[in-house]
Amino acid sequence: MTEQHVERSEPEAGPAPASAPVTPADAADAARLVAFGLQPKLQPARDQEYTELLRRYREDPPFARLADAVAAGLGLVVLEVSPRAGMAVTAAEDSVFAVRMGDYARRTSADSGDRFLHGLAHLAVAALAFPRPEDLADDGYIGRVTVNGVDAFVRQACRRLEERADDQGELTDPATDAPGLEAAWRIWARRSSTGATKDARRLAGSTTGIVGKAVAFLTDSGFLQRTGDDGGGTYRTTARYQLQVRDLAGTAAMAELLELGVVPVTDGTASLLPAEDTDDLELVADAGLPFHS
């Protein structure tokens with residue numbers, strides 16, 4: 001006997017009920033969920049209310065749309081809503097929550113004149129933490145970096161760029177305030193790595209000092225977690241940072257840094273492999289810095 005395929009085994013549903021009106025309590029809950037998302041260090045598993053709002057977001061589409069609308073109204077882009085990352089949001093350029101380079105300089109006591117070096121440090125941390133596309137695609141992947149490893153990674157990239165500039169007969173001593181990564185690597189290469197003071201503290205303007213400010217900022221922002229003191233400070237990535245780097249990965253600067261052939265292993269020690277031929281690689285000035293201008 002031929003088995004017949006049955007498209008539906010349940011009675012036809014009647015007309016869909018009208019959507020329940022949004023109540024002030026719903027709006028308050030949606031805003032509360034976005035507020036949780038703006039606390040990047042807060043782990044959903046440690047807050048019952050946060051966990052419940054995340055569940056409601058996943059199971060209640062009208063509530064999810066309401067929360068998305070609240071986020072959009074604040075100039076926030078929702079990257080993911082899940083138990084592992086919570087409500088992960090990033091700020092659009094016109095958002096009051098956008099971090100600008102001037103704000104970053106004030107928060108970290110950084111010299112805003114070195115903004116390209118600080119941008120390059122953040123770019124290098126991301127590239128060293130997630131050097132392969134499969135690392136970014138794997139939700140269970142945890143990247144690890146050290147301050148000294150990031151500095152070594154950038155200095156190796158600097159050497160590659162200097163060799164290429166030499167081969168192409170380009171100037172190797174641009175103006176300090178010249179824009180773009182081409183200028184940034186040259187300034188980085190001639191900056192002291194540690195410049196330690198008499199009591200062994202590294203100077204803020206040294207390259208490891210700049211990397212140290214970057215990873216401290218990322219830690220305060222819930223993107224990294226400090227795990228030890230080796231290598232100038234060791235750090236592991238969080239789910240939120242992976243989502244942020246996925247957003248950054250499509251930018252020209254990230255691709256350029258990885259395509260230089262400075263391929264790190266992911267234990268944070270910045271072991272390096274020889275470069276492939278990169279004669280046709282062009283750097284895009286000021287591309288992909290992790291701050292709004």
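**Basis and overall composition**

The model is predicted, and local features require pLDDT of at least 70, side-chain atom pairs count only at pLDDT 80 or more, and totals for chains, interfaces and linings use all residues. Residues are numbered from 1 along each chain as its sequence is written, and side-chain values use heavy atoms, with hydrogens and water left out.

The protein contains eleven helices and five strands; helices (H or I, at least four residues) and strands (E, at least two) are DSSP runs numbered from the N terminus. Of its 293 residues, 43% count as buried. Buried denotes under 20% relative accessible area, exposed over 50%, and partly exposed the range in between, with a 1.4 Å probe and protein chains only. Among contacts with a separation of 6 or more, 62% are between residues 24 or more positions apart, where contact means heavy atoms within 4.5 Å.

**Helix packing**

Two packed helices are described by the angle between their axes and the distance between the axes. The axes are lines fitted to C-alpha atoms, for helices over the stretch in contact, and the angles run from 0 to 180 degrees between N-to-C directions.

| Helix pair | Angle | Axis distance |
|---|---|---|
| Helix 1 (residues 24–37) and helix 2 (residues 48–59) | about 115° | 10 Å |
| Helix 1 and helix 3 (residues 61–73) | about 60° | 9 Å |
| Helix 5 and helix 9 (residues 207–220) | roughly 60° | within 9 Å |

Angles under 35 degrees count as roughly parallel, over 145 as roughly antiparallel, 65 to 115 as roughly perpendicular and the rest as oblique. Helix 1 and helix 2 are therefore roughly perpendicular to each other. Helix 1 passes helix 2 in a left-handed crossing; a crossing is left-handed if the near helix is turned anticlockwise from the far one by less than a right angle, and right-handed if clockwise. On the helix 1 side, the contact is formed by Asp 26, Asp 29, Arg 32, Leu 33, Phe 36 and Gly 37, which meet Glu 49, Tyr 50, Leu 53, Leu 54, Arg 56 and Tyr 57 of helix 2. By class, the residues of the contact of helix 1 with helix 2 comprise six nonpolar, one polar and five charged. In this scheme Ala, Val, Leu, Ile, Met, Phe, Trp, Tyr, Cys and Pro are nonpolar, Asp, Glu, Lys and Arg are charged, and the others, Gly among them, are polar.

With its axis at about 60° to that of helix 3, helix 1 is oblique to helix 3. The crossing of helix 1 past helix 3 is right-handed. Helix 1 contributes Asp 26, Ala 27, Asp 29, Ala 30, Ala 31, Leu 33 and Val 34, and helix 3 contributes Phe 63, Leu 66, Ala 67, Val 70 and Ala 71. The contact of helix 1 with helix 3 has ten nonpolar, no polar and two charged residues.

For helix 5 and helix 9, the axes cross at roughly 60°, and helix 5 is oblique to helix 9. Helix 5 passes helix 9 in a right-handed crossing. Leu 117, His 118, Ala 121, His 122 and Val 125 of helix 5 meet Ile 210, Val 211, Lys 213, Ala 214, Val 215, Phe 217 and Leu 218 of helix 9. This contact of helix 5 with helix 9 divides into nine nonpolar, two polar and one charged residue.

**Aromatic pairs**

Four aromatic pairs are found in the whole structure. Rings of Phe, Tyr and Trp (its six-membered ring) pair if their centres lie within 6.5 Å, and planes under 30 degrees apart count as stacked, over 60 as edge-to-face and the rest as tilted. The rings of Phe 36 and Tyr 50 are stacked, because their centres are 4.6 Å apart and their planes lie at 15°. This pair links distant parts of the chain, with Phe 36 in helix 1 and Tyr 50 in helix 2, 14 residues apart. Phe 36 is buried at 2% relative accessible area, and Tyr 50 is buried at 0%.

Phe 130 and Tyr 141 form a tilted pair, 5.8 Å centre to centre with 55° between the planes. Both Phe 130 and Tyr 141 are buried. Together with Phe 223 and Tyr 241, they form one aromatic cluster.

**Individual residues**

Val 145 belongs to strand 3 and is buried at 2% relative accessibility. Its C-alpha atom is separated by 7.1 Å from that of Val 125, 20 residues apart along the chain.
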